[in-house]
Amino acid sequence: MCKSGEASIPCFVEQKLEPEQDRFFLNLGDGRFREATAESGFIAKEGIGLGVVAADFNSSGQLELFVANDARANFLFVNQDKTAEAPRFTNEALIRGLAYNSAGRLQACMGVAVDDANQDGLLDLFVTNFYADDNTYYQQTSEMFFDDRTVAAGLHSISYNMLGFGTQFIDIELDGNPDLVITNGDVVDFTEVEKSREYRQRPQCLLNQGQRRFQELHDIGDYFQKKQIGRGLVKLDWNRDGREEFAVSHLGTSAALLKNETKTSNHSVDIRLVARDSHRDAIGTSVTVTAGKESWTKQLTAGDGYLASNQRHLLFGLGTHSGKIELSVNWSSGAQQTFQISEVDKTFLLVEGLGNAFTLPDAEEHP
């Protein structure tokens with residue numbers, strides 16, 4: 001390695017690093033795993049995987065795997081059969097619209113955020129990319145088919161001169177529209193040869209304005225004015241006040257834990273899930289909250305962000321609605337349940353197969 005400003009880079013930059021084969025390990029259920037990469041259809045040598053998400057993109061009860069690749073086409077491994085000893089997957093990223101951006105270009109993809117960004121009941125993807133390129137917003141338009149709507153969403157130029165890593169959808173003001181947070185930072189210090197290209201970069205917060213449009217916010221706290229070398233980013237409600245926060249890891253400096261102090265009269269409901277007829281964490285389970293004429297759908301996914309694992313819960317912003325709500329749960333096992341909730345601004349535990357929603361105690365007041 002050779003020194004470049006504050007960073008280290010390979011001395012022989014002309015020697016390209018060859019990608020390793022992704023590997024799939026099958027859980028045997030007794031604390032052991034066995035490799036089933038070829039058997040399950042994951043052989044794809046051109047992947048330099050960074051972000052990865054496990055989600056049920058087509059509500060089939062089977063998990064798919066989206067892999068964001070660096071300077072290679074992305075993967076979408078679609079689950080073909082969950083009844084065999086080992087599941088079978090095929091890479092359908094190209095036909096599903098996720099392999100390249102709308103210009104047919106490869107991108108250097110890093111982190112992935114997953115949520116229903118436009119309130120149509122379908123999961124969408126936001127992928128961070130390299131410097132001098134836009135981050136990409138893939139909107140799911142029908143069952144597991146995606147369109148690159150980056151330009152239409154106002155996201156083309158916002159991060160063009162940034163290098164994004166971790167990212168998450170977070171409903172900051174609880175209006176029911178998931179916003180975006182992104183941590184940025186270059187991989188090499190290029191400032192000696194390109195002064196306009198910053199090694200340390202400020203994080204970003206993008207407000208979901210509805211109507212499939214985003215706008216960057218600036219005056220939202222000191223953290224967003226500081227330049228860092230950001231990498232991993234996870235979301236959680238660490239103080240249990242019904243407002244979601246996030247934590248970020250940085251290179252060379254301490255991690256940061258953010259507190260959401262947004263002043264809002266909007267309401268929320270926090271849902272915890274425990275499955276009994278499938279894997280206990282309930283990954284792939286979706287919940288629809290109906291409040292009057294409005295409804296919002298979220299799914300418990302895994303791997304979002306960048307080298308990250310989020311708090312296992314679903315926090316719904318309800319806007320000004322403060323009355324009764326209905327929870328419709330599609331468990332990953334295929335079972336369906338409906339719960340009637342009379343209070344908002346509470347945390348509820350839903351256990352697959354049990355008819356009642358359990359109210360969890362409120363958090364203690366924090367100074």
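Leucine 106 is partly exposed, with 42% relative accessible area. Its place is the loop between α1 (93-96) and β9 (112-115). This is a predicted model. The points below cover the surface patch, the strands, the cysteines and the salt bridges.

**Surface patch**
- Leu106 belongs to a nonpolar patch on the surface, together with Leu94, Ile95 and Tyr100.
- The accessible area of these residues together is about 410 Å².

**A four-stranded sheet**
- An open sheet is formed by 4 strands, in the order β23-β20-β26-β27. Its pairing is mixed.
- At the edges are β23 (314-319) and β27 (358-360), and each of these pairs on one side only.
- From one strand to the next, the twist averages 30°.
- Strand β20 (residues 267-274) runs antiparallel to β23, and 5 bridges join the two.
- Aspartate 270 has leucine 315 in β23 as its bridge partner.

- Strand β11 (residues 136-142) is mostly covered, with 5 of its 7 residues buried.
- β11 pairs with strand β10 (residues 124-127) in the antiparallel sense, over 3 bridges. Here leucine 125 stands opposite tyrosine 138 of β11.
- β11 is also joined to strand β12 (residues 145-148) by 4 bridges, again antiparallel. In this pairing glutamine 139 stands opposite aspartate 147 of β12.
- β11 and β12 make a hairpin with 2 residues between them. Methionine 144, in the turn, has a positive phi of about 65°.

- Strand β21 (residues 286-291) pairs with β24 over 5 bridges, in the antiparallel sense. Valine 289 stands opposite leucine 327 of β24.
- Strand β25 (residues 336-341) is joined to β24 by 6 bridges, and the two run antiparallel. Valine 329 has glutamine 337 in β25 as its bridge partner.
- The hairpin of β24 and β25 has 5 residues between the strands. Glycine 334 in this hairpin takes a positive phi near 105°.

**Cysteines**
- The whole structure contains 0 disulfides.
- Cysteine 109 is buried, with a relative accessible area of 2%.
- Cysteine 205 is buried too, with a relative accessible area of 2%.

**Salt bridges**
- There are 15 salt bridges in the whole structure.
- Arginine 149 and aspartate 147 meet in one of them, at 3.3 Å from N to O. Arginine 149 counts as partly exposed at 28% relative accessibility. Aspartate 147 counts as partly exposed at 34%.
- Arginine 197 forms a salt bridge with aspartate 186, with the closest N and O atoms 2.6 Å apart. Both residues lie in the loop between β14 (179-184) and β15 (204-210), so the pair ties together parts that are 11 residues apart in sequence. Arginine 197 and aspartate 186 are both buried.
- Aspartate 362 and lysine 346 meet in a salt bridge of 3.1 Å, N to O. This pair links distant parts of the chain, 16 residues apart. Aspartate 362 is in the segment after β27, and lysine 346 is in the loop between β25 and β26 (347-351).
- Arg34, Glu39 and Glu85 are linked in a salt-bridge network.

Conventions
Residues are numbered from 1 along each chain as its sequence is written. This is a predicted model: local features need pLDDT of at least 70, side-chain atom pairs count only at pLDDT 80 or more; totals for chains, interfaces and linings use all residues. Side-chain values use heavy atoms; hydrogens and water are left out. Patches are made of residues with over 30% relative accessible area and no salt bridge: like charges are joined within 9 Å, nonpolar side chains (Val, Leu, Ile, Met, Phe, Trp, Tyr) within 5 Å. Accessible areas come from the Shrake-Rupley method with a 1.4 Å probe; for residues, only the protein chains shown count as cover. A salt bridge is a side-chain nitrogen of Lys or Arg within 4 Å of a carboxyl oxygen of Asp or Glu. Buried means under 20% relative accessible area, exposed over 50%, partly exposed in between (1.4 Å probe, protein chains only). Two strands pair if DSSP finds at least two bridges between them. Axes are lines fitted to C-alpha atoms, for helices over the stretch in contact, and angles run from 0 to 180 degrees between N-to-C directions. A disulfide is a pair of cysteine sulfur atoms within 2.5 Å.
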